[in-house]
Amino acid sequence: MDVLVQLPLSEEQRERLEAAAPGARFEYVKPRTVTREQVEAADAIVGNVPTEMLAGASGLRLLQLNSAGYEQYAASGVLSDGCALCCATGAYGQAVSEHLFAMVLSLVKRLPAYQDRQRVHNWCDLGPVTTLRGARVLVLGAGDIGTHLAGLFAAMGSSVCGVRSREAAPHHPFDDMGTLSDLPRLLPQVDVVCSVLPSTPQTAGIADQAFFDAMRNGAYFANAGRGDLVDQRALVEALASGHLSGAALDVCTPEPLPAESPLWDAPNLLLTPHVSGQFHLAVTLDNIVGIAAENLAHLAAGEALRNHVNA
C-alpha cells in the first residue's frame, strides 16, 4: 500500500503513523509541492489535497482528511466510487472550544474595548461587566467541539443547553438538549449563543434578522462553525442597535474577509481569521495522527473506518 501524507509531522508522529501499517510505503510532501502524479499513485492519502488533483486517482482507497469539514470532497465526481472518505472529527474539540470560549469571556469582561483604549493611551473605566456564572448558554452543535465547549461554560457555573439536528437526550455537560426547530423557543431564554455547526442546507443563513431579534436584549453571539450560518448584515445591525452586547466570529463569508466588509468596524465585534482550529494547538495534529493511524490499520485489515462519511 502506498500512503501519501500531506501533513507537517514530527519524526515521532511519522513513526506512529507508519507503525499502523507496517507493510506500507510512506511518502511525505508539503501542501504546496504535492503533484498530481503523487496523488494518482497513492492507495491512501492523509491530508486535504486539492480536489482538482483527485479526478485521476482511480486506485485511491482512502482519503483521510485533516479537517472535520468534508463538504467539497463529498461532492459528486470528486472521488472514485471505491474510495472511502474519512474526516477528522474528534481532533478539534479542545482547540476550537478553548478559542471560542476565550473570545466570549473576553467580551463579557470588555477586554477588547480596554485593548482599544490602551492603543490610544486612554486610562478609562468602561463600567459594569457581566459574568458567565449563572449564565444561560445555548450551544448549537452538540458533537465533539460542542461538548468540549459546554464543559468550559459549565465549569464557570453556566447552565448549558445543546442543539442537535435530531432529538436526543441531554448528556454531560449539557443540562438540556433541543433541535433546530426549537430555536424560536430557546433563543429568548439565553444569555449567550455559540455555534459550532457545520455547513449544511439546513444551517445556512439561520442566524438571520429574525434569529437575532429573538435573542434577549444584551445577549452575546459567537460562531466558530461555518460562516454561512450568519446573515452578516443582520448581525452588524443587531450590534449597531445595541440589541446584542457583543459578538465573536472566527468564521465569516467570504474568507479572507474583504477590506470593505462592515464586519471590520461593527461595534463590540471580536473577529479572528478562522484560526481556532488548524494546527495552532499542538495536540490537534497529534489527534489527527491518531485518527489517521487508526484508519490505516483498519484499511489494511479490511475493517470499518472511523469517521467514514461516504459509507
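1. Helices (H or I, at least four residues) and strands (E, at least two) are DSSP runs, numbered from the N terminus. By that count, the chain holds 10 helices and 12 strands. Its radius of gyration (over C-alpha atoms) is 21 Å, close to the 19 Å that the globule rule (2.2 Å times the number of residues to the power 0.38) gives for 311 residues, so the chain is as compact as a globular protein of that length.

2. A word on what you are looking at: this is a predicted model, where local features need pLDDT of at least 70, side-chain atom pairs count only at pLDDT 80 or more, and totals for chains, interfaces and linings use all residues. Residues are numbered from 1 along each chain as its sequence is written, and side-chain values use heavy atoms, leaving out hydrogens and water.

3. Confidence next. The chain averages a pLDDT (the predictor's confidence in each residue, from 0 to 100) of 97. Helix α3 (residues 71–74) has the lowest confidence, with a mean of 94, and strand β9 (residues 192–195) the highest, at 99.

4. Now find the open sheet of 5 strands, ordered β2-β1-β3-β4-β5 with parallel pairing; two strands pair if DSSP finds at least two bridges between them. Strands β2 (25–28) and β5 (84–86) each have a single partner strand, so one side of each is left without a neighbour in the sheet.

5. Within this sheet, β4 (residues 62–64) joins β5 in the parallel sense over 3 bridges. Here Leu63 stands opposite Leu85 in β5.

6. Finally, buried residues (under 20% relative accessible area, 1.4 Å probe, protein chains only) make up 46% of the 311 residues in the chain.

How values were computed. Buried means under 20% relative accessible area, exposed over 50%, partly exposed in between (1.4 Å probe, protein chains only).
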